Amino acid sequence: MTSGTQALATLLNSERIYEDLTLAFEHPDKWSQKIVLREFVDVPIEYEYRGFVVDGKLTCMCQYYHFAYFEHLHKDKDKIEKMVTEFFDSLKDKVPLTEKTYVIDFAMDLPNNKVYLIEINPFGKYIGMGTSTAMFDMQKDEAILFGRAGWEFRMETKPPTNILPLCNNAMRALLETKLQE
């Protein structure tokens with residue numbers, strides 16, 4: 001970005017911003033939107049992770065891009081888990097939220113042993129959150145997500161064999177139509 005006009009145009013044309021603002025306007029009691037500007041850090045998709053925090057405690061974590069398999073990361077799984085949990089412990093008391101239940105996204109820089117905070121989003125069982133639970137299922141994994149079961153860190157263990165369930169509804173319908181031709 002080289003100007004405020006360019007930054008504003010990017011925000012106003014973002015589907016993600018549109019979805020978040022729609023939810024925020026529909027559920028103003030559950031959302032408090034903020035824009036935070038920071039230096040851009042290019043993060044390869046295999047180094048993004050999503051954590052779930054309930055009452056200030058990191059209950060579980062998984063790779064953010066759950067539709068992909070990154071074989072080379074399995075040897076570093078313990079290191080990734082340790083780095084992220086230590087980073088979270090160092091920043092959890094600095095999160096300026098009164099509601100201590102949220103989703104937190106992290107980026108890893110393994111060669112330099114650094115973890116970055118990407119963003120914090122609302123999380124909960126109630127309507128209007130819109131935040132993906134990635135590799136966790138809200139119904140099946142509710143006890144894990146909400147801290148009533150043991151800690152879990154999930155990574156894909158093999159390449160996906162069927163990507164259709166991972167697609168949004170419009171893309172799934174298009175692909176299913178083409179596959180039937």
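Two strands are said to pair if DSSP finds at least two bridges between them. The strands themselves (E, at least two residues) and the helices (H or I, at least four residues) are DSSP runs, numbered from the N terminus. This is a predicted model, in which local features need pLDDT of at least 70 and side-chain atom pairs count only at pLDDT 80 or more, while totals for chains, interfaces and linings use all residues. Residues are numbered from 1 along each chain as its sequence is written, and side-chain values use heavy atoms, with hydrogens and water left out.

On one side, strand 3 is joined to strand 4 by 8 bridges, and the two run antiparallel. Within this pairing, Asp105 has Glu119 of strand 4 as its bridge partner. The hairpin formed by strand 3 and strand 4 has 4 residues between the strands, and there Asn113 adopts a positive phi near 50°. Strand 3 also pairs with strand 1, again in the antiparallel sense, over 6 bridges; in strand 3, Ala107 is the residue opposite Glu48.

How many residues of strand 3 are buried? The count is 8 of the 8, so strand 3 is largely enclosed by the rest of the structure. Here buried means under 20% relative accessible area, exposed means over 50%, and partly exposed lies in between (1.4 Å probe, protein chains only). Both faces of the strand are covered, with Tyr102, Ile104, Phe106 and Met108 buried on one side and Val103, Asp105, Ala107 and Asp109 buried on the other.

The nonpolar interior can be described next. A nonpolar core is a set of buried Ala, Val, Leu, Ile, Met, Phe, Trp, Tyr and Cys residues joined through side-chain atoms within 4.5 Å. The largest such core has 24 residues, and Tyr49, Leu73, Ile80 and Met108 have the most contacts inside it. At least two residues of this core come from each of strand 1 (48-54), strand 2 (57-63), helix 3 and strand 3. Leaving aside residues up to four places away in sequence, Leu73 is in contact (heavy atoms within 4.5 Å) with Glu46, Tyr47, Tyr49, Ile80, Leu110 and Met155. A second, separate core of 12 residues includes Val103, Met135, Phe136 and Leu145.

Aromatic rings provide further links. Rings of Phe, Tyr and Trp (its six-membered ring) pair if their centres lie within 6.5 Å; planes under 30 degrees apart count as stacked, over 60 as edge-to-face and the rest as tilted. Phe87 is partly exposed at 21% relative accessible area, whereas Phe106 is buried at 0%.

Another pair is formed by Phe123 and Phe146, whose ring centres are 5.0 Å apart and whose planes meet at 15°, so the pair is stacked. Phe123 lies in the loop between strand 4 (114-122) and helix 4 (142-145), and Phe146 in the loop between helix 4 and strand 5 (152-154), 23 residues apart. Phe123 is buried, at 2%, and Phe146 is buried, at 12%. Ring pairs also bring Phe52, Phe123, Phe136 and Phe146 into a cluster.

The charged side chains complete the picture. A salt bridge is a side-chain nitrogen of Lys or Arg within 4 Å of a carboxyl oxygen of Asp or Glu, and the count by this rule is 7. Lys82 and Glu86 form one, with their closest N and O atoms 2.7 Å apart; the two residues are 4 apart in helix 3, which means they are separated by about one helical turn. Lys82 is partly exposed at 48%, and Glu86 is partly exposed at 43%. Glu142 forms a salt bridge with Arg148, with a closest N to O distance of 3.2 Å. In this case Glu142 is partly exposed at 25%, while Arg148 is exposed at 53%. Finally, Asp141, Glu152 and Arg154 are linked in a network of salt bridges.
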